[in-house]
Amino acid sequence: MFYLLIVLFAGTLVYISTSERFRSYAKLIAVQGVLLFAIALMELKTLDLGNLIFVSAETLIFKSIVVPYFLFRIINTTKVYKVHPKAFPSFYSLLFSMVGLIISIILSDVLKNPSLDAVFLMIALFTLYTGVLLIITHRRIFSHMIGFLVVENAVFFFSLAVGSEMPMLINIGILLDIFVSVLIIGVLMNRIGTQFSDLESNNLTSLKH
Amino acid sequence: MIAIYFVSALIIAMTLLTVRRLAVARWLMMLFVLIQWLFNGYVLMHTGETDLTYFTYDPAGVLFLGLLTLVSTAAVIQGLPYFNHQTRSTHFRHFYASLTGLIAFITGAYLANEITLVWILVEATTLTASVLIYSERTTHALEATWKYIFICSVGIALAYMGILFLSLSMKGTGMHGLSFAGLAKVAHTLDPVYLKIAFAFVLVGYSTKMELFPMHTVGIDANSVALPPVGALISTGLVNLGFLSIFRVYKALSGSPIFSWMNHVLILAGILSVLVAAGYMLKAKHTKRMLAYSTLENMGLVAIALGTGGIGYYAAFLLVILHTLTKSSLFFQVGQMGRVLGTYKLDDSGFYLKLFPTGAIALLFGMLAILAIPPSGLFVSEFLIMKALVARNSWVVLILTLILLCCVIYAMSTRVLHLLFSHPREGADLHAQCRVGKWETVSQFLFLLVVVGACFYQPPFLQDIINQIIAGLPNY
């Protein structure tokens, strides 16, 4: 079951790196939240009830309901539904994603450690790679934000890896997730979205030299 | 005691958010500065003690806290003219409350003895600093704020991954916390591959705060739009926080097998920082941006000094201390210049010596000091860095650094001399837009005087504190 969830999560990552519609991004972020909830429950059996409730609330309520809700609100407010017409073609994104998956598998084998499941490390590295790829190859700020949310999911995976021994690290990771997501989504909704309606990162290049 | 400090800061910040009169806000800010001085005095008298388990008043924390207190006092005073009674209350309320928060968070992070606590406090500085950067509420300010929040958040997430890798490598050692002292104890037993990944992530993550390559851009944009006193605080207090966070991890891991690898990484990051700074300074057209690139250059030198070791350790700390005083003076002065000329753009500026001679002299001395031209104290630190490079036979690094420093000296001196003596290139109207009092330059001259004094005499207490900080680091 655990491996099935990991494969499903990897599938959402491949889909997110090739998708061109913002609504798909928001839905995939919600699906990732649910998958993370299930993976966290299976991984953190030894945690006490308080920490378990905290992790569940973060993944199930925050990641899969609250964040996607605000993402849909931004899409509806700005009325920007797709990535930039001159965005990186989906086919190349798919190729890059596959390369990333292979690199992650190789790296997780190189870095394998008796106290860490290699599959866990692989999916965390692939998630990090996908998030950074979205930030680098896309031109619209919305895609950058999705990239950041994916990077946050990678951080969550890494924190799960040490969670049973240092539950404090998971809690801190969750607080980072909530704090930064709220900050970034808040600025995007209240300031950037109203000032630059097309959400293009080219609008944010006036500060040079 | 630190609990009382944090509670006081919280009460003042909350009160500041509710006040409607500028005068009340200013008095509250002065009260906070007084508390900062009192707390600084307490920390000085209790050096070596631990408070609330997670805060230790160690020499590094004491040194940087002293510098922060000095700069924040001057920043609060220099920030007074930027608000007047026509300013909307929400603007100055948010500004002063965030300034209080920023100073308190930096103070906490300097003194924290746990890696995770430092990280939390560094993250908190992102929130308060972004409010300060957005204080002018222009499109440029919005752009800089967005970039600051976004890039810092990515950086902070990467630094957190570094911490997670550290904790992964510590699995099975029996350690349940992530204190710097605990990490130093077990560092030699940890998996070097994990430690390398952890250090790389921590360096990249905290480079957003230290304004070091590769995440330096965030600080450059922030400094170019923030009010000059805020720029001074970001370029000194926050930059020092980034440096200290990296240094603490570096020192904790110095007993591990990756010590030499860390040095190579630091030297590489340093060289690339100086290279980028030199390149961009040669085409800088904005005064505050030029100063921000100068910070990148100086932090690059600090990374090179740290990576070189030997006398380089001492030089790195001396450079950080003197850079703090010089860069804050320059930001304060450029702020006054901006008020006199009505612009920060180099092409529209000129004849500053005629319009405000006192400020022009401060700017000239500040430039000589930051470029490490004798009698600047920075000359001593940069000379020691070169000496360390020669001692280590790092001739390529030495020659590259010297060539790049020549570019920096050329770029900065031609621009500052243009500001002082030349006509504006784009025929701007030449009259003072605003009167600036001579008293406003007092703190700048005082700071610069200390920097000049350090060229001839470094007091024993300063040498002692630096030697205590670097004690225990392996030598070449």
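At what angle do helix α12 (residues 287-308) of chain B and helix α16 (residues 377-391) of chain B pack, and how far apart are their axes? The first legend gives the answer. The model shown is predicted, so local features need pLDDT of at least 70 and side-chain atom pairs count only at pLDDT 80 or more, while totals for chains, interfaces and linings use all residues. Residues are numbered from 1 along each chain as its sequence is written, and chains are lettered from A and ligands numbered from 1 in the order in which they are written.

**Figure 1. Packing of α12(B) with α16(B).** The two helices pack at an angle of about 40°, with their axes 10 Å apart. Helices (H or I, at least four residues) and strands (E, at least two) are DSSP runs, numbered from the N terminus. Axes are lines fitted to C-alpha atoms, for helices over the stretch in contact, and angles run from 0 to 180 degrees between N-to-C directions. The helices α12(B) and α16(B) are therefore oblique to each other; angles under 35 degrees count as roughly parallel, over 145 as roughly antiparallel, 65 to 115 as roughly perpendicular and the rest as oblique. Their crossing is left-handed, a term for a near helix turned anticlockwise from the far one by less than a right angle (right-handed if clockwise). On the α12(B) side, B:Leu301, B:Ile304, B:Ala305 and B:Thr308 meet B:Glu382, B:Ile385, B:Ala388 and B:Leu389 of α16(B). Two residues are in contact if their C-beta atoms, placed from the backbone, lie within 7 Å. By class, the residues of this contact are six nonpolar, one polar and one charged; Ala, Val, Leu, Ile, Met, Phe, Trp, Tyr, Cys and Pro count as nonpolar, Asp, Glu, Lys and Arg as charged, and the others, Gly among them, as polar.

**Figure 2. The largest nonpolar core and B:Ala305.** The largest nonpolar core has 242 residues, and B:Tyr160, B:Met281, B:Val302, B:Ala305 and B:Leu319 have the most contacts inside it. Helix α6 (residues 139-169) of chain B contributes the largest share of this core, 20 residues. Such a core is a set of buried Ala, Val, Leu, Ile, Met, Phe, Trp, Tyr and Cys residues joined through C-beta atoms within 7 Å. A residue is buried if 20 or more other C-beta atoms lie within 10 Å of its own, exposed if 12 or fewer, and partly exposed in between, with C-beta atoms placed from the backbone. Apart from its neighbours within four places in sequence, B:Ala305 is in contact with B:Gly312, B:Ala315, B:Ala316, B:Leu319, B:Ile385 and B:Ala388.

**Figure 3. Packing of α13(B) with α18(B).** Helix α13 (residues 311-341) and helix α18 (residues 442-456), both of chain B, pack at an angle of about 150°, with their axes 9 Å apart. This angle makes α13(B) roughly antiparallel to α18(B). The crossing of α13(B) and α18(B) is left-handed. Residues of α13(B) in the contact include B:Leu322, B:Leu325 and B:Phe332, and those of α18(B) include B:Phe447, B:Leu448 and B:Val451. The contact residues comprise eight nonpolar, six polar and no charged.

**Figure 4. Packing of α8(B) with α10(B).** Helix α8 (residues 192-210) and helix α10 (residues 228-252) of chain B pack at an angle of about 165°, with their axes 8 Å apart. At that angle, α8(B) is roughly antiparallel to α10(B). The crossing of α8(B) and α10(B) is left-handed. Among the α8(B) residues that meet α10(B) are B:Phe199, B:Tyr206 and B:Lys209, while the α10(B) residues include B:Leu238, B:Phe243 and B:Ile246. The residues of this contact divide into 11 nonpolar, three polar and one charged.

**Figure 5. The side of chain B that touches chain A.** In chain B, 33 residues are in contact with 31 residues of chain A. Helices α5 (115-133), α6 and α9 (217-225) of chain B each supply at least two residues of this side. The most, 18 residues, come from α6(B). This side of chain B has 16 nonpolar, eight polar and nine charged residues.

**Figure 6. Backbone details in loops of chain B.** A cis peptide bond, with omega about 10°, joins B:Phe213 and B:Pro214, and B:Pro214 is in the loop between α8 and α9. Another cis peptide bond joins B:Pro374 and B:Pro375, with omega about 10°; B:Pro375 lies in the loop between α15 (357-370) and α16. B:Leu52, a residue other than glycine, has a positive phi near 50° and lies in the loop between β1 (50-51) and β2 (55-56). B:Leu52 counts as exposed because it has 11 C-beta neighbours inside 10 Å.
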